[in-house]
Amino acid sequence: MRNQLTEGKIFPVLIRFAVPVFLALLLQALYGAADLIIVGRFADAASVSAVSNGAQIMTTLTNLISSFAMGTTIFLGMIIGQGRKKEGGPIIGASIFQFILIGIAFTLITVLAAPQIAGIMQAPEEAFPMTVAYLRICGAGFLVIIAYNLIGSIFRGMGDSRTPLITVAIACVCNIFGDLLLVGVFGLGAAGAAAATVFAQVVSVIASVFMIKRQKLPFTFDRQMIRWNSGYISKITRLGLPIALQDLLVGISFLIILAIVNSISLTASAGVGAAEKVCTFIMLVPSAFMQSMSAFVAQNRGAGRMDRASRALLSGILVSEMFGVCMFYLGFFHGDLLIGLFSSEQAVISAGADYLKSYAIDCMLTSFLFCFIGYFNGCGETKFVMAQGIIGAFGVRVPVSWFMSRIVPVSLFRIGLATPCSSSVQILLSFIWLAYMKKREKRNNNYGSIGRTENS
């Protein structure tokens, strides 16, 4: 079911689009959490550390792909908003061709350089071989991971957030089943969790292809359109590359923090790994509004309805912030219960809960920040998104976390405070850029009015 994002009352339309996105992200989080939960129940701390480190690396690379695919979402949304639906097929074909090449490159990197990547991450000695195995197995399925994420981006660009929800649900069920079988029954540990992940995405992509064939698309698409088209690929790259670079560098900054924590102890590594999984859940609503805002704003920008896009930004922030306050309460005051879902070792639970308190503070900040990022992406202001992300990551998050790790006794809570510090700076930059955009728009409108007066 595709939503016409340029018509109707803003709040209901935005919520109808955002709810399936939220549910898809929730299932995606369950999908990733299943690995750690089941490994935590059936294996030791070394296996938990291997999965948390390997999953963090794969998440960083997958987010890079997903972020780059936002170029397709935004471009397709703008084209549909402008009523140029016939161009949809060639745009999708060019995007598929481009991502096939990217997938081959990522497969080679993760399979061949897995030991070096694990070494850079300072994976604990006890968990090092399992981390390498996890990376190689997941890396071998990178083409499937790319297909899985690209399909979701394409449908969201068309205003359809329900089809990606169904495909994620299929992957989630298959992953949990695979984890229980390979980890719980056969005792394959981290390697079994990785194999279950790849298997689940294979099944999901196959199901997606069958679903696409049964749907009536708003444009014609066939396999002959899967080819190099320099014009479309250039546009997708200009929109998607800054977002991807921003997410990559932000991901690297979190990997640096994880490497700092890995150097402290195995318990700290496992605790932060479990906390990161919890963070995936408590950040779901802001993440859902970020993705929804991008598609909503892109279509309305294409239709020349920027007033509607601005009102959607305010609605998204208000709803997201209400959930942010609730997640702050859960994360700050009941973090031990949440971490307990991922580990049964009391030392790991205590370490993870300490780190989670700082993330709980960030929940209230990301409700603003993520909506801003989605808005700017939909407006095509992806270079600014990249700039503010890099400033936050390497100007604030990494230096603060390193400084906090030097203070004795070492506190995971203090190290984690680097994240809300970064978000605060990024929100300030976003307000400044929004004011600049409004001023630029007003100036352009004035020039346009002068030109029309002279011509008349």
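Rings of Phe, Tyr and Trp (for Trp, the six-membered ring) are taken as a pair if their centres lie within 6.5 Å, with planes over 60 degrees apart counting as edge-to-face. By this rule, the count comes to 16 aromatic pairs in what is a predicted model.

**Aromatic pairs and a charge over a ring**

- The rings of Phe68 and Phe99 form an edge-to-face pair, because their planes stand at 65 degrees, with the ring centres 5.4 Å apart.
- Phe68 belongs to helix α2 and Phe99 to helix α3 (residues 88–112), so this pair ties together parts that are 31 residues apart in sequence, and both Phe68 and Phe99 are buried.
- Tyr375 and Phe376 make an aromatic pair that is likewise edge-to-face, at 5.9 Å centre to centre and with 70 degrees between the planes.
- Tyr375 counts as buried because its relative accessibility is 2%, and Phe376, with a relative accessible area of 1%, is buried as well.
- Tyr375 and Phe376 also belong to a cluster linked by ring pairs, in which Phe372, Phe384, Phe431, Trp433 and Tyr436 take part.
- Lys357 is placed over the face of Phe332, at 5.7 Å from the ring centre.

**Helix α11 and the residue that follows**

- Helix α11, which runs through residues 284–302, has 19 residues and spans 27 Å from its first C-alpha to its last, close to the 27 Å expected at 1.5 Å a residue.
- This helix is mostly covered, since 17 of the 19 residues in α11 are buried.
- Just after α11 comes Gly304, which takes a positive phi of about 75 degrees.

**Gln56 in helix α2**

- Gln56 is part of helix α2 (residues 45–81), and it counts as buried because its relative accessibility of 15% falls under the 20% cut-off.
- Leaving aside residues up to four places away in sequence, Gln56 touches Val51, Phe254, Leu255, Leu258 and Glu276.
- The C-alpha atoms of Gln56 and Gly184 are separated by 22 Å, the two residues being 128 residues apart along the chain.

**Ser358 in helix α14**

- Ser358 sits in helix α14 (residues 346–378), and at 0% relative accessibility it counts as buried.
- With residues up to four places away in sequence not counted, Ser358 touches Phe413, Gly416, Leu417 and Pro420.
- For Gly416, one of these contacts, the backbone oxygen lies 3.4 Å from a polar atom of the Ser358 side chain.

Methods. Residues numbered from 1 in each chain as written. Predicted model: local features only at pLDDT ≥ 70, side-chain atom pairs only at ≥ 80, totals over all residues. Heavy atoms only, no water. Helix = DSSP H or I, 4+ residues; strand = E, 2+ residues; numbered from the N terminus. Expected span 1.5 Å × (residues − 1). Buried < 20%, exposed > 50% of the residue type's maximum accessible area, 1.4 Å probe, protein only. Contact = heavy atoms within 4.5 Å. Polar contact = N/O pair within 3.5 Å; in protein donor to acceptor, adjacent residues only side chain to side chain. Phe/Tyr/Trp six-rings, centres within 6.5 Å; stacked < 30°, edge-to-face > 60°. Lys NZ or Arg CZ within 6 Å of the ring centre and 35° of its normal.
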